[in-house]
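Student: I would like to learn how to read a protein model. Can we take a few features in turn?

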Amino acid sequence: QVHVVESGGGLVQPGGSLRLSCVASGRIFSINVMGWYRQAPGKERELVATITSAGSTAYADSVKGRFTISRDNAKNTVYLQMNSLKPEDTAVYYCNARIAPTWREKFDDYWGQGTQVTVSS
């Protein structure tokens, strides 16, 4: 069984910073891409940032220059450093990891339960 757990959300003022963490644990043979998505009330879930096992990153245009994704492969952990936060960044942030539980199984997407980020004065 695979578990994906996020932490680090909370309430922050506009212009502030937060750092999200996500740890994958359990039956893990290999992790390919890890990433962060978010869903605001009344909106669809959208991609925020992704990072491959080799360290290649991709960002949504709305967060480029403000958010940084990083990864510790030894710890099966991905981070999202969020700076210069805006009210429109308010959403539930979800971690995604593409994991092969064993060498025989294909990669599949695993999701965390989400962590709330609220940007408000």
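Tutor: Start with a definition: a salt bridge is a side-chain nitrogen of Lys or Arg within 4 Å of a carboxyl oxygen of Asp or Glu. Now the ground rules. This is a predicted model, where local features need pLDDT of at least 70, side-chain atom pairs count only at pLDDT 80 or more, and totals for chains, interfaces and linings use all residues. Residues are numbered from 1 along each chain as its sequence is written, and side-chain values use heavy atoms, with hydrogens and water left out.

Student: How many salt bridges does the structure hold?

Tutor: First the general idea: side chains of opposite charge can pair when their charged atoms come close. This structure has seven salt bridges. In one of them, Lys64 and Asp61 meet at 3.1 Å, N to O. Asp61 is exposed, at 64% relative accessible area. Exposed means over 50%, buried means under 20%, and partly exposed is in between (1.4 Å probe, protein chains only).

Student: Which side chain meets Arg27 in a salt bridge?

Tutor: That of Glu105, at 3.5 Å, N to O. Helices (H or I, at least four residues) and strands (E, at least two) are DSSP runs, numbered from the N terminus. Glu105 sits in the loop between strand 9 and strand 10 (108–111), and Arg27 in the loop between strand 3 and strand 4, so the pair ties together parts that are 78 residues apart in sequence. Glu105 is partly exposed at 37% relative accessibility. Arg27 is partly exposed too, at 45%.

Student: Now strands. Which side chains of strand 1 point to the buried face?

Tutor: In a regular strand the side chains alternate between the two faces of the sheet. In strand 1, Val2, Val4 and Glu6 point to one face and are buried.

Student: In what sense do strand 1 and strand 3 pair?

Tutor: Two strands pair if DSSP finds at least two bridges between them. Strand 1 and strand 3 (residues 18–26) are antiparallel, with six bridges. Val5 stands opposite Val23 of strand 3.

Student: Glu6 is charged. How far away is the nearest side chain of opposite charge?

Tutor: Lys and Arg count as positive and Asp and Glu as negative, while His and the chain ends are not counted. For Glu6 the nearest opposite charge is Arg45, 7.5 Å away. Glu6 is buried and has no salt bridge.

Student: Which backbone nitrogens lie close to polar atoms of its side chain?

Tutor: Look for polar contacts. Such a contact is a pair of N or O atoms within 3.5 Å; within protein, one must be able to donate a hydrogen and the other to accept it, and residues adjacent in sequence count only if both atoms are side-chain atoms. The backbone nitrogen of Cys95 is 2.8 Å from a polar atom of the Glu6 side chain. For the backbone nitrogen of Gly114 the distance is 2.9 Å.

Student: Which members of the largest nonpolar core touch the most others?

Tutor: In soluble globular proteins, nonpolar side chains tend to be buried together. A nonpolar core is a set of buried Ala, Val, Leu, Ile, Met, Phe, Trp, Tyr and Cys residues joined through side-chain atoms within 4.5 Å. Here the largest core has 28 residues, and Trp36, Val48, Phe67, Val78, Leu80, Met82 and Tyr93 touch the most other members. Strand 9 gives the largest share, five residues. What is the phi of Asn76?

Tutor: Most residues other than glycine have a negative phi, and most peptide bonds are trans. Asn76 has a positive phi of about 50 degrees, although it is not a glycine. Asn76 lies in the loop between strand 7 (67–72) and strand 8 (77–82). Its relative accessible area is 24%, partly exposed. Ser84 also has a positive phi of about 50 degrees and is not a glycine. Ser84 is in the loop between strand 8 and strand 9 (91–100).
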